[in-house]
Amino acid sequence: MSVEDLHAELVELLGARGASIDLRAREKASVDGAKMSPIITELLPLGLADIVAFPTNAVEIAAVVAAAVRHGVGITPRGKGTGNYGQGIPLQDGLVLDLSKARSIIEVGDGYITAEAGAPMVALEQAARETGQELWMYPSTAQSSIGGFLAGGSGGTGSIVHGANHQGFVAALDVVHASPEARLVHVEGDDAQPYVHNYGTAGIIAQATVRLDPVHDWVGFYASFDTFYDVLAVLREMRALTPTPRLISADLPEIADALPNDSAIPKGRASLRAILDTASLDAARAMVEAGSGRVEEVREGPQACVRISTLSYNHPIEWLQKTSPGTYFHLEVGGEALIDRIDEVHAVFRGGMLHIEAQHVGPIGMLAGIYESPEQVYAGIEALGKLGVGVHSPHQWNVDFEIERTVELARENDPLGLLNPGKLNLDYAGPRKGAIR
Ligand SMILES: Cc1cc2nc3c(=O)[nH]c(=O)nc-3n(C[C@H](O)[C@H](O)[C@H](O)COP(=O)(O)OP(=O)(O)OC[C@H]3O[C@@H](n4cnc5c(N)ncnc54)[C@H](O)[C@@H]3O)c2cc1C
C-alpha cells in the first residue's frame, strides 16, 4: 500500500482541496456516533484515516475508488458520519471516502427521486415536496446522507407504512465496485437490494433512486399522559388510524423530561408525538381522550413534522445520555412483547426505560439501561429473547444483516477485501436470535 502515491494521484484528480492528509481532517473523518455505546467507547479510537477524499459527483467517486484499488488501499465510505455503531470508522486506516460533497439531486419523477450519495435526506424530502410528493421514509437524523441511510440505516419516519429501507424503498442504484477501472454499475429492483444495509462492503453507492408517495397533509400532534401504560395503549390503537400516521413515538416521563424544552412536552408526563394526516385528527383526539390523555398541541407545516422526526428513534436516548453523561447504554428492540410485557422488559436492566415507535410489523424501540459491563448487556440480550423481544445490538460493527448474501457479492465485487475492511465477518454470530431487522 502506498498512501503517498495515492494522495498525489487524488490531488491530481480532485484538486488540492479534494484530498487531505491533514491530521484534523483525518481525525474528523474517523469517528461516527459510536459514542452512544459505552462498550465501543471503551475501545476508541478504533482507526485513523491516512487520507480523506472529497469527490463532488458520482463520476469522481468511481475514479477515487479505482485509484485506491490500484494502490491497494482500503476504502471506508462516509456520508454524514452519524451511524451509531462504528460502521463508519476506518478500522484498518486507509482512505476515508467522504461523500458529503457529492450531493446533487439529479431528477424527481413520478414516484421516484434520484440523487447523489451525499445528498441529505431533508434535501430529498424538500425536492420531492416541490413536486407534490414525499419520501417513503427518512431517519431521525434527517440531515444524514441518502448513501449513508441506505448503507447504514434501517428506517424512520414513514416506516409504519413502508417498513425498513431494504423492503422496496430502493428502486435503483449506481454502485462502484472495488475495481481498478473507474466504473459506475447500474442496478435496479431486486438487483439493487443486496447493496442495502451492509455498510458499503459489497459496493459503494454513488447515486440512488428511491421511492416517493403523493404528499399528505400532515400535522405534528403532541399528547401527554399520566402514565406510560396509558400511552402504550393509545400508541397501539393509533397504528390503525386511516390514513396511517407517518410516525408515532412515545416516552416515559423520565425520557420525555430529557428532551429539549417544549410546551407541548410537559415535564413529568409520558409523551406521545405523532405525524398524522389531518383527516385522522378527530379520531386521534378521541383516542387520546378516551385513553385518559390530553392533546397538548397540533402544529402545522413541514417543519413541525421534521421537528417531531428529530425526536424519534435513537434521539430520545441520545438526549437521555446528554442529561446523564456516562450513565445509560441502549439496545434496539422490537415486538409486541414490548407492550404486552413492559414491566418485565423494564426489569431486565437496572434503570430500564423504553422509548417506543410504532411500525407496521409491530412496535420497535430503544431500551435504555444503566451501564455496568459488557457481560450485563449480553446477559440482558438473552433475557429479552426469552421474553419474546427481538434485539439488535448497537455495540458491534459487524455486518449482521444478510451476511452470507453480502459475503458472496463482496467476493465478486471486492476480491481484495478493500471495501470498508473489518466490517464483514462470515464467522460473526452475534446476538442475531430474534433479530429485529
Ligand atoms: C441520535 C441518532 C439517531 C438515529 N436515528 C436513526 C433513524 O431514525 N433511523 C435509522 O435508520 N438510523 C438512525 N441512526 C443511524 C444513522 O444516523 C442513520 O442510519 C443515517 O442515515 C446514516 O447516514 P450518514 O450519512 O450519517 O451515514 P454514515 O454514518 O456516514 O455511514 C453509515 C454507514 O454506511 C456506510 N456508507 C456511507 N455512505 C455510503 C455510501 N454512499 N455507499 C456505501 N456505504 C456508505 C459507512 O461506511 C457506514 O458504514 C441514528 C443515529 C443516531 C446517532
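A polar contact is taken here as a pair of N or O atoms within 3.5 Å; within protein, one atom must be able to donate a hydrogen and the other to accept it, and residues adjacent in sequence count only if both atoms are side-chain atoms. The model is predicted: local features need pLDDT of at least 70, side-chain atom pairs count only at pLDDT 80 or more, and totals for chains, interfaces and linings use all residues. Residues are numbered from 1 along each chain as its sequence is written, and side-chain values use heavy atoms, with hydrogens and water left out.

The ligand site is described first. A polar side-chain atom of Ser 144 lies 2.8 Å from an oxygen atom of the ligand. The backbone also takes part. A polar backbone atom of Lys 80 is 2.8 Å from a ligand oxygen atom. A polar backbone atom of Gly 155 is 2.6 Å from a nitrogen atom of the ligand. Taken alone, the ligand exposes 970 Å², and the protein buries 97% of that area. Accessible areas come from the Shrake-Rupley method with a 1.4 Å probe; for residues, only the protein chains shown count as cover.

The shell around the ligand holds 35 residues, of which Pro 77, Thr 82, Ser 140, Ser 154 and Gly 155 come nearest. A residue counts as near a molecule or strand if one of its heavy atoms lies within 4 Å of it. By class, the shell has 11 nonpolar, 21 polar and 3 charged residues. Here Ala, Val, Leu, Ile, Met, Phe, Trp, Tyr, Cys and Pro count as nonpolar, Asp, Glu, Lys and Arg as charged, and the others, Gly among them, as polar. Strand E3 (75-78), helix H6 (146-152), strand E10 (204-214) and helix H12 (315-323) each give two or more residues to the shell. H6 provides the largest share, with 5 residues. Elements are DSSP runs numbered from the N terminus: helices are H or I with at least four residues, strands are E with at least two.

E3 also belongs to an open sheet of 4 strands, ordered E1-E2-E4-E3, with mixed pairing. Two strands pair if DSSP finds at least two bridges between them. Strand E1 (19-20) and E3 are the edge strands, and each pairs on one side only. E3 runs parallel to strand E4 (residues 95-98), joined by 4 bridges. Pro 77 has Leu 97 in E4 as its bridge partner. Two helices lie on this sheet. Helix H1 (residues 3-14) lies across E1, strand E2 (51-53) and E4, at about 20° to E2. Helix H4 (residues 58-70) lies across E2, E3 and E4, at about 175° to E4. Axes are lines fitted to C-alpha atoms, for helices over the stretch in contact, and angles run from 0 to 180 degrees between N-to-C directions. Contact means heavy atoms within 4.5 Å.

A further open sheet contains 8 strands in the order E14-E11-E13-E12-E16-E17-E15-E18, with antiparallel pairing. Strand E14 (293-300) and strand E18 (390-392) stand at the edges with a single partner strand each, so one side of each is left without a neighbour in the sheet. Neighbouring strands are turned by 20° against each other on average, direction ignored. Strand E11 (residues 218-225) is joined to strand E13 (residues 270-277) by 8 bridges. Helix H15 (residues 374-386) lies across strand E15 (328-334), strand E17 (364-370) and E18, at about 25° to E15.

Arg 299 is found in E14. Its side chain makes a polar contact with the side chain of Glu 297 at 3.1 Å. Beyond neighbours within four places in sequence, Arg 299 is in contact with residues including Gly 220, Tyr 222 and Asp 262. The C-alpha atoms of Arg 299 and Tyr 222 are separated by 8.4 Å, at 77 residues apart along the chain.

Some local backbone features follow. Antiparallel strands E5 (residues 105-109) and E6 (residues 112-116) are joined by 4 bridges. Their hairpin has 2 residues between the strands, and Gly 111 takes a positive phi near 90°. The peptide bond from Leu 44 to Pro 45 is cis, with omega near -5°. The bond from Thr 242 to Pro 243 is also cis, with omega near -15°.
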